[in-house]
Amino acid sequence: PLCILVLEVTHTFNSRESDWGFTSFMPLIDLYDPSKGYIVNDQCIIEAEVAVRKIVDYWNYDSKKETGYVGLKNQGATCYMNSLLQTLYHIPYFRKAVYHMPTVDTPSGSIPLALQSLFYRLQHGDNSISTKELTKSFGWDSYESFMQHDVQELNRVLCEKLEDKMKGTIVEGTIQKLFEGHHMNYIECIGVDYKSTRKESFYDLALDVKGCSDVYASFDKYVAVEMLDGDNKYQSEKYGLQDAKKGMLFIDFPPVLQLQLKRFEYDHARDIMVKINDRYEFPLQLDLDRDDGKYLSPEADRSVRNLYTLHSVLVHSGGVSGGHYYAFIRPTLSNQWYKFDDERVTKEDLKRALEEQYGGEEELPHTNPGLNMNPLKFTKYSNAYMLVYIRESDKEKIVCDLEETDINEDLKTRLRKEDEDKENKKKEKAEAHMFTTFKVARDHDLAAQIGRDLFFDLVDYEKIHPIRVLKDMPFNQVKEEFSKEFGIPVHSQRFWWWSKRQNNTYRPTRPLTQQEESYTVGQLKDAAIRMNSSELRLYLEVVQENHLTLASRTKDDILLFFKLYDPEKEELRYVGNLLLKASSKPSDIVPKLNEIAGFQHDEDIELYEEIKFEPNIMCEPVDCDVSFSLNQIADGDILCYQKRCSLDQHRHPNVSSFFEYVHNRQVVHFRLLEKPKQDDFSLELSKRSTYDDVVEKVAQHLGMDDPSKLRLTQHIPHLQQPKHQYIKYRSIDHLSDMLLLRNPNQMSDILYYEILDIPLPELQGLITLRVAFHQATPNEVLFHIIRLPKGSTYSDLIDDLKSKVQLSRSDAELRLFQ
């Protein structure tokens, strides 16, 4: 017998993919098996059916050129949103209203401004447009943009946001005028004269697909009368249980009718969501006045002709677990349809937009008609899920012309600036290989930061604006530019390398040599990288007239930086640098330091060397009667000085204690445990504070006499809630430990508190408790019978228990467990 093996697949070949086939067709042993009959008279016939079609080369396809329209980029799973946005955009009346929304004072992350920008770019752009600005205005992060959201919900939320923003403007009420309709729900008693009605508005209608052959069948089902009888009688207000009929009729339809087709439903038998792929037809012309207006309520205005023409068909291709969305739209309601599939826009015919989106099954032609085989059918998983109709009588008003004057000049100016910025960034990126950046700190920067943003070291380079220059620019030319910019003569500029010391501080280390200043900026940056610096960082010293010139600088010269501390005001500020001899003594410069500070010439001052601050503060007094070199003070070191004062005169009497305070200060936000989402108050504390110190400060703030009534709980930042277990008394040494998270490099600044002075359960007469007290000795357990009067508090119980076991709160923590 003749055997036939058929494997079917559809594949489109092109110049980039000319080689394709089955990886496994049939076992070779079956082919050679005589009993199989594949080989007859040493011949095996292999047939392949190939159809040659003209297809669009999407690699080089230009949507704007071919159709006049551009698409929207897909962020990962935003095709559902793209199809909806294209539909709304191609309702010109809606687009005009969006353009007329005032957004002059609107923040950049607002939905109206983002939608205006998107529509403008769709209208004037030549390539596909990004929707990231819009999704960002929704408050979505990159993860949420990869999640498919419900289209109907997105449509309603978007319209509600715009409706709210249009209030009080010239376009107020536009959303309602376009999309809002009304229907009347009614219950009418059969045996008595009683009828209950309720008017409701809608922006879209959800129509059943299951069990309905077309849109009209869905509307018939929508207004179908339900009988309330038997066990399901209606409970009327005046007449009690009555037989009644329940239903819904339309008072009016909107100019733009949005129909959501219920393609997805829950299957109770299988306990899963399923997609309804049944055939469901929808007409090009939809007459909702048919059959003498059977869909209309008695109060409907019959003079309005509810004849609609199809504007958009939104399609879902795939199953319940995922798929793809695109839209067929007639922007001007002409005979020409367009398919908007993310970035690609193509011209389509009527059959493709309508009949092929009905769903149902499709029958394939037989490859060998001579054989008596059953019809080959397959389910069409691409079908319409949303339809947009426009009323014929409102067509000219809704599909209106848009003029350039409809787009406000502020929007045009803003978008032009955005485009210019993008072009500049694009140009910078293209030329990036030619340029490099470096940072130069001056005394101006040190004075601006020290005592405000910075207390330790000299400057935070993250706050220094980078300078962008050509890589091959000689550094000597940079000095010329600095001379023009800041008025500093070239011979007065001395640049220093800035680097990290072994104790993790950052200081100027040495001046650039004459040879280094002849290098290009790119060469200097390479040298900085070789010195383990991520970028080229320099300090500019301005050489004063009475200072030595760069050429005559000797090894005995050192550059020192000075900070002045005021213990009365608890202020620290930068007062400049001095080029000194290492062989000289600190006492030699006391008169100069007093002059800089504005002190009396003979003021008695104290000098401290700021050495390091991590992991602990190291700020040591300087011996003024020995040389700087013997004090081991060298280039880039920092000396802090102040008026001499007694230790009990101020809260932080010297530089060391002030640094200690700054290093350990911590603002903690306290929240009541019962209200974990809102800050109650904040306190500035020290990270070295003990548990007792913290609860004492909190008690003082709350006006409580007894800090032992307080209990603290740590914060979980990623959950934004308190831990389940409170902090045990003295189980943690310091505040820093209370705020420390699992990641040792992260700290929280939130603690929760609760007041334990709460009534015990109210019982008649005395409260009798049997308390087992576990002493420090593991096996020693003492039992006490405690009787307290009604209304006693937790604190009363603790006090009574402490008195019985002779313990104070400072000796041990007492906690009760049921």
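First, the ground rules. The model is predicted: local features need pLDDT of at least 70, side-chain atom pairs count only at pLDDT 80 or more, and totals for chains, interfaces and linings use all residues. Residues are numbered from 1 along each chain as its sequence is written, and side-chain values use heavy atoms, leaving out hydrogens and water.

Helices (H or I, at least four residues) and strands (E, at least two) are DSSP runs, numbered from the N terminus. Buried means under 20% relative accessible area, exposed over 50%, and partly exposed in between, with a 1.4 Å probe and protein chains only.

Now the backbone. Glu614 to Pro615 is a cis peptide bond, with omega near -5 degrees. Pro615 sits in the loop between strands S26 (605-612) and S27 (618-621).

Asp42 is not a glycine, yet has a positive phi of about 60 degrees. Asp42 is in the loop between helices H1 (28-32) and H2 (63-67), and counts as exposed because its relative accessibility is 77%.

Leu333, also not a glycine, has a positive phi of about 60 degrees. Its loop runs between strands S13 (322-329) and S14 (337-341). Leu333 counts as buried, at 12%.
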